[in-house]
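Here are some notes for a colleague who is opening this entry for the first time. Please keep the structure in view while going through the points.

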Amino acid sequence: MAIKTSTAIKAAPWLLTVAIFLVWEVICSGLKIPDYLMPAPSAIWASGLEYAGPIMMHALQTLWTTLAGFALAVVVGMLLGLAVGASPLVYKACYPLLVGFNSIPKVAFVPVLVVWFGIGTIPAILTAFLISFFPVVVNVATGLATLEPELEDVLRSLGARRWQILVKVGIPRSLPFFFASLKVAITLAFVGSVISETVASNLGIGYLMMSASSSMNMPLVFAGLIVIGVMGVVMYELFALAERRLTGWAHRNPNAPG
Amino acid sequence: MSFVKFENVSLAYAPGGANAIEDVSLDIREGEFVAVVGPSGCGKSTLMKLVSGLKPPSNGYVFVDGREVGGPLKIVGMAFQAANLLPWRNTLDNVMLPLEIVEPFRSNLKKEKAQYTADAEALLARVGLAGYGSKFPWELSGGMQQRASICRALIHQPRLLMLDEPFGALDAFTREELWCMLRDLWQEKPFTVILVTHDLREAVFLADTVYVMSKRPGRILVRKEIDLPRPRPLDVTYTDSFAAYVHELRDHIGRIRES
């Protein structure tokens, strides 16, 4: 019984995905919905094969701008998170600014970036960065700020310095928070780079979709959407795997969502 | 010659606010086992923060080992009601944490790693955790975690051990087991202990001297020497003289609660 449940759990996401595509296919072909309104999965697949070369090229562009922006977000987010979490003064000073900045829709910021850096790669990287660093800051800061005071007292009573407390307890303890934020941040980074590409670029999946939709090539638009989705899932799973490897101590409940 | 000395100590957490403890004076010899009892919220834990130098007093003076306390002391080990073991370290690494911070261990850690590991394992064996060093804290029961926590408090051979209700969250049987464990550790190589508790039996069984504190603001109301012969077997808790001590302390606490 136990084995059965675990295989069922493993197969469930694949089965559901296949089921959704099947229903989609049946509805599209059954109701004879034209491709320029809502392409059926088969049409999307055909279009994906037809444009495999360009899709690949644009997808790689999107992937690398996303990863570059994400890497920037991780470094900046972690440093800022450590500063905000470790010092109440920095926390008080930065938090309203951070929240305010995060509330600005990043798509509104792209034109500014274009004025500064021109169209193309750099605005895409920066938009990915801007949209994805906030969860990293908040999570790392939360991990540090929720440190049990007794734990701190144990170390302080031994004469530990602040940086020792940070290294021995603060950072390891905030690692699970950090990894949780990476999973959110990587998906947001895709949102950022694609937004920037749709607005101001002649490269990337975002640009590909914009130009396809302007020529009413809806199967290609959907192929682009699916490629972004697949890249997002793959990156997410990669970080989920790293999380389980590095902070297994924090995930002892086998039923907890990974 | 007293080892820990309080002279008319008061502490208010907020400047100008209400005192958590007020006008506390006490004298503790080196190697003495002291228990502090009192109603909850009477500032027992505050007392610990003052001794360990985590908080400076608002008024009065705290001396440890003949010197006024001016900051966190390194000769102190602490354990709390929650074991507070680090979940990403196994039990052995948890116990050895102080060695990574306190000098001279910190500087010698690389050279003496094998020796220190052996010491830590011996200490774990002493408290009945032989072979559990590689287990992670969540794989241990509450009582075992608390044993490991006390090992961590003792590994750097502190001259002063401070225990803040360390057995409060355990069931009665485990608690008595751990009393005996602590008694044996102390009997073998006496160090100064300040045990904060609200279990009067625990206080009488373990301590040389019991201090009773009043409600907030905490003051020392009674100092009672426990004149039971050592080593004390657990059976001593069923004798009349033991019961008389507990009874007397209970009366004091009862009066505080009514007032």
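Predicted model: local features only at pLDDT ≥ 70, side-chain atom pairs only at ≥ 80, totals over all residues.

1. Turning to chain B, its secondary structure comes to eight helices and 10 strands. The C-alpha atoms of chain B fill a box of roughly 55 × 45 × 35 Å along the principal axes, and the radius of gyration of 18 Å agrees with the value near 18 Å that a compact globule with 259 residues would have. Of these 259 residues, 41% count as buried. Among the contacts in chain B with a separation of 6 or more, 71% are between residues 24 or more positions apart.

2. Is strand E8 of chain B, residues 192-196, enclosed or open? Five of its five residues are buried, so E8 is largely enclosed by the rest of the structure. Both faces are covered, with B:Thr192, B:Ile194 and B:Val196 buried on one side and B:Val193 and B:Leu195 buried on the other.

3. The strands that pair with E8(B) can be described in turn. Strand E3 of chain B, residues 33-37, runs parallel to E8(B) and is joined to it by four bridges, while strand E7 of chain B, residues 160-164, is also parallel to E8(B) and is joined to it by five bridges.

4. Elsewhere in chain B, strands E1 (residues 2-12) and E2 (residues 19-29) pair in the antiparallel sense over seven bridges, and B:Val9 has B:Val24 in E2(B) as its bridge partner. These two strands form a hairpin with six residues between them, and in the turn B:Gly16 has a positive phi of about 80°.

Notes: Residues numbered from 1 in each chain as written. Chains lettered and ligands numbered in written order. Buried ≥ 20, exposed ≤ 12 C-beta atoms within 10 Å, placed from the backbone. Pairing = 2+ DSSP bridges. Rg over C-alpha atoms; globule rule 2.2 N^0.38 Å. Contact = placed C-beta atoms within 7 Å.
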